Amino acid sequence: MCSQVAASAISAETSSSAIVQNVEIHAEGATLAATLTIPGGQGPFPAAILLSVAGPNDRDQSVGPHRGYRNLAQYLAQHGIASIRMDDRGAGESGGDYFAASWETLAGDAAAAHDLLCGYPEIECNRIGYIGMSQGGAVGAMASRLRPDSAFVVLLSAPGLDGIAALHSQLEATIRLQNIDETTANGFRALFDQYVGIVSHDAADRRERLLAFLEGPGRALIPPYGFVPRENDALADMLLGAWYQSNLSFDPAEVYGQLDVPVLAIGGTRDPVAPPTSHLARIQGILDAAPASDVTIETLENGNHLLQVSETGLPGEYATLEHAIAPEILQLISRWIVERTED
């Protein structure tokens, strides 16, 4: 199934007050602070583990005034779905070092959250699944393989291209959206090839070459995300660390190709990070050949990477838009999960 979600105002149904409590997830090498939200009323309930975009995020996936995952957790609870959301390693109240953690480690964190949820009588252990945005989608898919009893996977703006191809796609999208002239664009492309040649090959002098690259014009190639270190030494540590190297080596066919649970995948038509014409299309092709027989593919018209209805799709808009996540996406996710976890 492939369709498009139109932008429209949708009101949430209400239910009894949810139970919200802070909990700890004991993962490998770190204790993670999290918030558990359980719907009011009679359980046991299905549950979702919320996994955030790239970078060490707090449990609410805060962007400016927006608290996207808090809103999602509240909406799910109103529709009879429990959830847990966590501060990433090294963020908020969680321990650990995010950049030293591979995607496999982060998937283990998600699986540890799954284990915790199974200990609550209000939650039905065989109706627990994963909702991940961007990188979190891939991590959720990986976690579902660690927990064969997983009930579903929801992929929101998830990566569908191989790691280096995805970085190249982002570069080309930036060139196009910022109307960069061809001479300058070719300069960035040459820098990109040089950069990939350094960070993706484990040579003895890799760190020295990377530092020289960052001290020259190559630094302009690094996106100015808030979590990116400003000092070149710390930036080199990040780029050569387990987390970033997982970005480079990401293989969507390996991650999604073995899924055997219901999958909902959604992309925004104005997403320059994971454009659905390439990323979502590739995910659909992989899932068509996967064991999963229940696959739903949707797009949000004018949606950006965070699945907000946007004007341009550029990250500079994230904090200024009306909703943290488009209301129609909240409704779609909750309705889809309810339909697949009904008794």
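Two residues are said here to be in contact when heavy atoms of theirs lie within 4.5 Å. The model on screen is a predicted one, in which local features need pLDDT of at least 70 and side-chain atom pairs count only at pLDDT 80 or more, while totals for chains, interfaces and linings use all residues. Residues are numbered from 1 along each chain as its sequence is written, and side-chain values use heavy atoms, with hydrogens and water left out.

**First stop: Met133**

Select Met133, which is found in strand 8 (residues 123-133); strands here are DSSP runs of E with at least two residues, helices are runs of H or I with at least four, and both are numbered from the N terminus. Met133 is buried, with a relative accessible area of 0%, where buried means under 20%, exposed over 50% and partly exposed in between, for a 1.4 Å probe and protein chains only. Leaving aside neighbours within four places in sequence, Met133 is in contact with Leu51, Ser52, Val53, Gln61, Tyr69, Leu156, His305, Leu306, Leu307 and Ile325. Of these, show Leu156 as well: Met133 and Leu156 are 23 residues apart along the chain, yet their C-alpha atoms are separated by 4.4 Å.

**Next: Ser144**

Move on to helix 3 (residues 135-146), where Ser144 is found, and note that Ser144 is buried, with a relative accessible area of 8%. A polar atom of the Ser144 side chain lies 2.7 Å from the backbone oxygen of Ala141; a polar contact is a pair of N or O atoms within 3.5 Å, of which, within protein, one must be able to donate a hydrogen and the other to accept it, with residues adjacent in sequence counting only if both atoms are side-chain atoms. Not counting residues up to four places away in sequence, Ser144 touches Tyr130, Ser150, Val153 and Leu259. Tyr130 is 14 residues from Ser144 in sequence, and the two are 7.4 Å apart in space, C-alpha to C-alpha.

**The disulfide**

Now select Cys118 and Cys125, which are joined by a disulfide with an S to S distance of 1.9 Å; the term covers a pair of cysteine sulfur atoms within 2.5 Å, and the structure holds 1 disulfide. The torsion about the S-S bond of Cys118 and Cys125 is about 70°, so the disulfide is right-handed. Cys118 counts as partly exposed at 25% relative accessibility, and Cys125 counts as partly exposed at 26%.

**Helix 5 and its surroundings**

Display helix 5 (residues 182-199), whose 18 residues reach 25 Å from first C-alpha to last, close to the 26 Å expected at 1.5 Å a residue; the expected span is 1.5 Å times one less than the number of residues. Which residues of helix 5 are buried? They are Ala185, Leu191, Phe192, Tyr195, Val196, Ile198 and Val199. These cover an arc of only 150° around the axis, which puts them on the same side of helix 5, the arc being that of the directions from the helix axis to the C-beta atoms. The face turned away from this buried side carries the exposed residues Thr183 and Asp193. At the N-terminal end, Asp181 caps helix 5, with a side-chain oxygen 3.2 Å from the backbone nitrogen of Thr183.

The buried residues of helix 5 pack against helix 4 (163-177), helix 6 (206-215), helix 7 (232-240) and helix 8 (242-249). Turn to helix 7, where the buried residues are Asn232, Leu235, Ala236, Met238 and Leu239. Seen down the axis of helix 7, they fall within an arc of 160°, so they line one face of the helix. These buried residues of helix 7 pack against helix 5, helix 6 and helix 8.

**Last stop: the aromatic rings**

The structure holds 11 aromatic pairs, in which rings of Phe, Tyr and Trp (its six-membered ring) have centres within 6.5 Å, and planes under 30 degrees apart count as stacked, over 60 as edge-to-face and the rest as tilted. Select Tyr98 and Trp243, which form a tilted pair, 5.5 Å centre to centre with 50° between the planes. Tyr98 lies in the loop between strand 7 (82-86) and helix 2 (103-118), whereas Trp243 lies in helix 8, so the pair ties together parts that are 145 residues apart in sequence. Tyr98 is buried, with a relative accessible area of 3%, and Trp243 is buried, with a relative accessible area of 3%.
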